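Dear colleague,

Please find the structure below, handed over for your reference.

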Amino acid sequence: MPPIRILIVEDEVPISRLLETSLTQAGYQCTCAFDGPSCADLLETGGFDLVLLDIMLPGADGFELLPWARECGVPVIFITARADVKDRVRGLKLGAEDYITKPFSIEELLARVEVVLRRGHKLGSRLTYGPLTVDTEAHRVLRAGEEVELTAKEFDLLVLFLKNQGIALYRQTLYERVWHDPFEGDTRTVDLHVQRLRRKLGLEGRLAAVYKVGYRLLREEEP
């Protein structure tokens, strides 16, 4: 399954880099644009699953770009310092999926991104990988047709890896996305669960450790 691609359109470079780093660590593939015309050009190339769009941009503002994104079939979340209710209402009426005002927490942003992607069926309910079939709604895992019993955390880890094949995920990201607690530096919990996943699902050689980072599930087509 290809990674989810997010276009970040923000002219303030520090904010853009913060968003890019946070979303990349969460397993998304990010591209950045810093003005309206660049955003429009990138949207025309296709392949994006979501746009995080500032309103106040050079060249063309977010309100002007929103119809362009919708025409390209890409959902939009506004991220802006404009907190006026009239702006929020205008953005939502024009078709934005959500409207987040600055400052915001990264945790809230990630949660809202996931909601919008799920609403748009970008996060499917059935995932496959080699002999594995995973039903995310029924919480069932089949290996070559035989059901495999996983704990809740093992299941959540597996789904996270399957949705981000080929991407190195930090241990901190894995812990915070699966255990929903702040990461305090102890990697043993994550390492133990990854080892159990490998053993239960025959992923030795496929679920690889990445030095000083975490783990990477090889893409299905990789040898």
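Histidine 180 lies in the loop between α7 (171-179) and α8 (188-201). Here helices (H or I, at least four residues) and strands (E, at least two) are DSSP runs, numbered from the N terminus. The model is a predicted one, in which local features need pLDDT of at least 70 and side-chain atom pairs count only at pLDDT 80 or more, while totals for chains, interfaces and linings use all residues. Residues are numbered from 1 along each chain as its sequence is written, and side-chain values use heavy atoms, with hydrogens and water left out.

Histidine 180 has a positive phi, near 55°, although the residue is not glycine. Its relative accessibility is 60%, so histidine 180 counts as exposed (buried means under 20% relative accessible area, exposed over 50%, partly exposed in between; 1.4 Å probe, protein chains only).

Alanine 144, in the loop between β8 (140-143) and β9 (146-147), is also a residue other than glycine with a positive phi, near 55°. Alanine 144 counts as exposed because its relative accessibility is 64%.

Another loop, between β5 (98-101) and α5 (106-119), holds proline 103. The peptide bond joining lysine 102 and proline 103 is cis, with omega about -5°.

Isoleucine 8 belongs to strand β1 (residues 5-9) and is buried, at a relative accessible area of 0%. Leaving aside neighbours within four places in sequence, its contacts (heavy atoms within 4.5 Å) include Ser16, Leu19, Cys30 and Leu52.

With kind regards
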